[in-house]
Amino acid sequence: MTTVGPGAQLEALRRGAVEVISEEELLAKLARGRPLRIKLGLDPTAPDLHIGNAIVLQKLRQFQDLGHEAVLVIGDFTGLIGDPSGKAETRPALSPEEVERNARTYRDQYSLILDPARTRVVFNSEWLGKMKFYDVIKLASRTTVHRILERDDFARRYADRLPIHLHELLYPLCQAYDSVAISADVELGGTDQKFNNLMGRELQREMGQEPQVVLLTPLLPGLDGVQKMSKSLGNAIGITDPPNEMYGKVMSLPDGLMIPYFESCTLVPLGEIREIARGLVAGGVHPRDAKKRLAREITARYHGEAASRKAEAEFERVFAARERPEEIPDVELPRDRLKGGAIRLVRLLVELGLADSNSEARRLISQGGVSLDGARAAQDTDIGVRDGLLVQVGRRRFARVRLTE
RNA sequence: GGGGAGGUACCCAAGCGGCCAACGGGAGCUGACUGUAGAUCAGCUGGCGGAACGCCUUCGGAGGUUCGAAUCCUUCCCUCCCCA
């Protein structure tokens with residue numbers, strides 16, 4: 001156990017937290033001096049972490065470093081009935097092999113941030129899957145429809161007369177029961193999890209356990225600046241994204257997101273961030289430079305200083321100076337696709353995977369988006385292909401043709 | 001159980017017998033410009049096609065009426081509202 005006193009622990013833990021319910025309770029738990037069990041519920045469909053997920057994981061890591069125990073609850077059972085975002089569908093149950101395989105994936109992914117030695121991974125099908133219908137009814141009797149409908153998501157859909165399936169109402173209860181099942185002392189989550197996590201508190205109290213403390217971390221807006229970061233919305237920066245991509249994605253952020261990103265995704269001291277913010281407002285700091293710093297910081301955090309510098313140089317070359325990237329992927333093209341050493345440009349683009357269909361390839365050409373060896377292609381004609389031909393689509397998609405037999 | 005309103009392309013949403021591959025917005029793509037993949041402006045955004053107002057496949061599913069349907073009819077599936 002750590003030597004850090006409860007007061008200091010609390011101080012450290014609440015930094016970056018949007019809300020702690022409640023600090024007094026957390027302090028009391030910490031003061032007992034035994035390791036606490038920290039719960040984090042995870043969606044089984046997103047084993048691919050992005051830097052938004054990372055925020056709450058960093059918080060969990062912090063708990064671990066203070067000597068506490070992390071329990072990742074994979075919602076494989078709740079995942080079966082779809083999560084109540086409105087559009088989710090029910091999914092077929094995972095086989096034991098799939099569960100095992102996923103468990104490994106989770107461990108691999110999460111150990112990028114967490115301390116594997118202090119992390120336990122459990123699946124909620126373990127207990128939810130064993131419940132009899134009678135148990136479900138008893139569980140459901142612990143709350144009321146009105147209570148559940150308070151959840152803003154349900155409330156909104158109810159008001160808008162959008163469908164709400166009965167089983168969706170059970171969803172928060174299932175998650176709440178997870179807390180009971182593992183006797184959580186603290187549950188972490190994004191602010192969107194507030195309702196569910198509070199439900200956990202209530203259910204624990206109802207079932208004779210000491211209520212968990214709920215600690216909420218901010219939700220990171222995605223690249224679009226509107227919706228929260230999510231892989232399925234395609235607005236995410238994955239923590240395993242290659243350096244160049246990571247750097248570039250950060251550079252494409254709306255300017256207004258720079259400060260929130262600095263705060264949530266970097267280790268830059270708060271004072272310094274405030275200075276940058278002031279500079280941006282006053283005009284002393286160029287937004288481009290602030291964003292470059294941000295891109296550098298984030299890339300360095302996941303790939304190291306060297307890779308970050310390199311990504312920056314590459315970015316400048318390709319986008320600022322409009323030069324070719326340092327590394328251009330080779331794409332194989334079987335020689336038999338050529339006729340007399342030539343091929344229709346449209347077909348070439350499709351063959352190389354630079355266009356999804358012939359129509360799209362034609363569009364790209366007519367819009368002036370295609371270059372061969374640096375020269376813009378004006379129209380779709382037969383072009384002679386030699387090994388090493390450089391094909392470019394748009395500003396950032398390059399391919400080097402490798403002829404194969 | 002009774003009555004009413006709906007299901008349109010990645011999302012939202014027009015269309016309600018031919019001019020519809022289907023208005024508009026969002027998202028995406030390309031170009032210009034630039035501070036970057038940001039902002040702004042412009043064009044494009046089903047597929048096939050050696051440049052077409054040519055052909056093929058789309059408007060919940062399956063049939064039908066018609067020279068011709070996303071638009072009309074039948075039936076099935078799904079959602080919402082009101083009443084019971």
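Mentor: Two strands pair if DSSP finds at least two bridges between them. Keep that handy for this predicted model, where local features need pLDDT of at least 70, side-chain atom pairs count only at pLDDT 80 or more, totals for chains, interfaces and linings use all residues, and side-chain values use heavy atoms, without hydrogens or water. Residues are numbered from 1 along each chain as its sequence is written, with chains lettered from A and ligands numbered from 1 in the order in which they are written.

Trainee: How do you know that strand 2 and strand 3 pair?

Mentor: Strand 2 (residues 37-42) and strand 3 (residues 69-74) run parallel and are joined by 6 bridges. The cut-off is at least two, so they count as a pair. One spot to look at is lysine 39, which sits opposite valine 71 in strand 3.

Trainee: What makes strand 2 and strand 5 a pair?

Mentor: Here 3 bridges link strand 2 with strand 5 (residues 186-190), again in the parallel sense. In strand 5, valine 186 is the bridge partner of isoleucine 38.

Trainee: How many helices and strands does chain A have, and what makes a run count as one?

Mentor: Chain A has 18 helices and 13 strands.

Trainee: Why are strand 7 and strand 10 said to stand at the edges?

Mentor: Look at the open sheet of 5 strands, ordered 7-13-12-9-10 with mixed pairing. Strand 7 (330-334) and strand 10 (375-376) each have a single partner strand, so one side of each lacks a neighbour in the sheet. Strand 7 is joined to strand 13 (residues 397-404) by 5 bridges, and the two run parallel. Valine 331 faces valine 401 of strand 13 there.

Trainee: Why is tyrosine 247 called buried?

Mentor: Buried means under 20% relative accessible area, exposed means over 50%, and partly exposed is in between (1.4 Å probe, protein chains only). Tyrosine 247 has 0%, so buried it is. Tyrosine 106, in helix 5 (residues 96-110), also comes out at 0% and counts as buried. Across chain A, buried residues are 44% of the 405.

Trainee: And what is phenylalanine 319, buried or partly exposed?

Mentor: Phenylalanine 319 has 31% relative accessibility, which puts it in the partly exposed class.

Trainee: Why is the pair of tyrosine 247 and phenylalanine 315 given the name it has?

Mentor: Rings of Phe, Tyr and Trp (its six-membered ring) pair if their centres lie within 6.5 Å; planes under 30 degrees apart are stacked, over 60 edge-to-face, and the rest tilted. The search of the whole structure turns up 2 such pairs. For tyrosine 247 and phenylalanine 315, the centres are 5.4 Å apart and the planes are at 55°, so the pair is tilted. This pair links distant parts of the chain, with tyrosine 247 in helix 12 and phenylalanine 315 in helix 16, 68 residues apart.

Trainee: What makes phenylalanine 315 and phenylalanine 319 a tilted pair?

Mentor: Their centres are 4.9 Å apart and their planes 40°. Tyr247, Phe315 and Phe319 together form one aromatic cluster.

Definitions and conventions: Helix = DSSP H or I, 4+ residues; strand = E, 2+ residues; numbered from the N terminus.
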